[in-house]
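Dear colleague,

Please find below the structure that I am handing over to you, with its sequence. My findings follow directly after it.

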Amino acid sequence: MAWKWKYSPKEQLENVSSLHPGLTGLQNLENTCYMNAVLQCLCSLTPLVQYFLSGKWNTALHEEIGESATAFGCLMSDMWLGEFDYVSPEAFHSVFGKRYPAFSKRTQHDAQEFLICVLDDLHEAFKEPSQERQSPGAGASTRSSSGTSIITQLFEGQLNHGIRCLTCKAHTDRPESFTVLSLPIPSTRVCSLQDCLECFFQPDTLTLNNQIHCYWCGSNQDATVKASITKAPQIIIFHLKRFAWQDKNRRKLSTTVCYPFSDLDLSPYISTSCRSTTEYSLCAVVNHAGDLDYGHYTAFCKHSVTKHWYSFDDAQVTKIPDSAVQADTAYLLFYTSQGY
């Protein structure tokens with residue numbers, strides 16, 4: 001049986017502050033730094049922590065497909081007990097590898113790909129049936145099937161791609177759900193997160209092989225497309241596309257991307273029909289240092305009780321100043337809505 005807290009969600013985090021809750025390192029199982037960094041970020045997000053520590057996940061769990069979700073919940077509990085300097089994620093890694101064989105081998109993997117699989121797995125384990133289903137699109141990860149869960153409640157947003165035929169001027173809307181937005185990096189030296197967002201949301205013209213089939217014209221036509229957010233999630237995750245192809249070779253962009261700690265304003269990219277809060281604060285970062293072959297992942301997480309920032313480098317946990325959180329190694333950025 002999974003371990004539970006006996007207090008309310010708020011008390012759960014405050015009553016253990018004399019220990020070391022949420023400041024537990026994770027043992028590297030050999031090339032599993034990508035996993036450790038992502039798990040540390042997820043296990044620092046207050047609403048997700050409260051969901052697991054309160055035991056609510058037990059009643060929502062589909063046991064027939066929930067083995068890795070159960071292991072995740074037990075790992076979360078171990079990390080928030082505050083009794084250990086570090087714990088082993090061996091049990092989670094083992095059962096998760098059964099569901100996703102690509103991650104069963106102890107070799108290097110992409111943290112963003114692992115994150116998407118973890119969110120998908122947790123969603124499947126806890127989802128309630130729904131009749132709605134959104135079509136996938138470029139630049140955003142989507143839920144693998146319909147239904148609502150703690151994952152969709154916290155992480156899922158909605159995009160709309162407004163498409164206009166340049167011949168007949170007809171306008172169509174194409175909705176898309178997302179949990180992670182993959183942002184292009186428009187500079188090779190220095191840019192801001194807002195620059196990346198501007199690049200992602202700027203209008204695009206579809207021509208040649210990218211033409212759309214216009215229903216009204218009855219043939220393929222040039223068109224313009226512009227994306228906007230129609231539902232902003234409580235927690236929004238940005239993936240900075242540091243790995244790019246150049247002359248048939250994959251390379252890493254070491255561009256310094258400057259990102260705000262608070263008051264990230266998404267209103268320029270949100271539809272006027274969306275009434276969601278548009279300002280966000282940074283709460284966690286996954287970093288990637290090194291190159292394609294010999295990289296290493298770490299995490300920066302803001303503690304939900306102390307409000308201090310900590311660096312998680314596998315088993316090592318270190319308190320860091322706010323100034324250290326702005327790093328040119330940032331790969332995944334976790335922001336939480338200031339309206340929650």
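In this predicted model, helix α5 packs against helix α7 (residues 111–126) at an angle of about 105°, and their axes are 9 Å apart. Since angles of 65 to 115 degrees count as roughly perpendicular, α5 is therefore roughly perpendicular to α7. From α5, the residues Ser 68, Ala 69 and Phe 72 meet Asp 121, Leu 122, Ala 125 and Phe 126 of α7. By class, this contact of α5 with α7 comprises 5 nonpolar residues, 1 polar and 1 charged.

Helix α5 (residues 67–81) also packs with helix α3 (residues 46–53): the two axes come within 10 Å and cross at roughly 105°. Helix α3 is thus roughly perpendicular to α5. On the α3 side the residues are Leu 48, Val 49, Phe 52 and Leu 53, and they meet Ala 69, Phe 72, Gly 73, Met 76, Ser 77 and Trp 80 in α5. The contact of α3 with α5 divides into 8 nonpolar and 2 polar residues, with no charged ones.

Four strands make up an open sheet with the order β4-β3-β10-β7, and their pairing is antiparallel. Strands β4 (171–178) and β7 (204–206) stand at the edges; each has a single partner strand, so one side of each is left without a neighbour in the sheet. From one strand to the next, the twist averages 30°.

Within this sheet, strand β3 (residues 157–165) and strand β10 (residues 223–231) run antiparallel and are joined by 8 bridges. Leu 159 stands opposite Ile 229 in β10. Across β3 and β10 lies helix α9 (residues 193–201), which runs at about 125° to β10.

By class, the lining of the largest cavity has 5 nonpolar residues, 4 polar and 1 charged.

With kind regards

Technical notes:
Residues are numbered from 1 along each chain as its sequence is written. This is a predicted model: local features need pLDDT of at least 70, side-chain atom pairs count only at pLDDT 80 or more; totals for chains, interfaces and linings use all residues. Side-chain values use heavy atoms; hydrogens and water are left out. Ala, Val, Leu, Ile, Met, Phe, Trp, Tyr, Cys and Pro count as nonpolar, Asp, Glu, Lys and Arg as charged, and the others, Gly among them, as polar. Two strands pair if DSSP finds at least two bridges between them. Helices (H or I, at least four residues) and strands (E, at least two) are DSSP runs, numbered from the N terminus. Axes are lines fitted to C-alpha atoms, for helices over the stretch in contact, and angles run from 0 to 180 degrees between N-to-C directions. Contact means heavy atoms within 4.5 Å. Angles under 35 degrees count as roughly parallel, over 145 as roughly antiparallel, 65 to 115 as roughly perpendicular and the rest as oblique.
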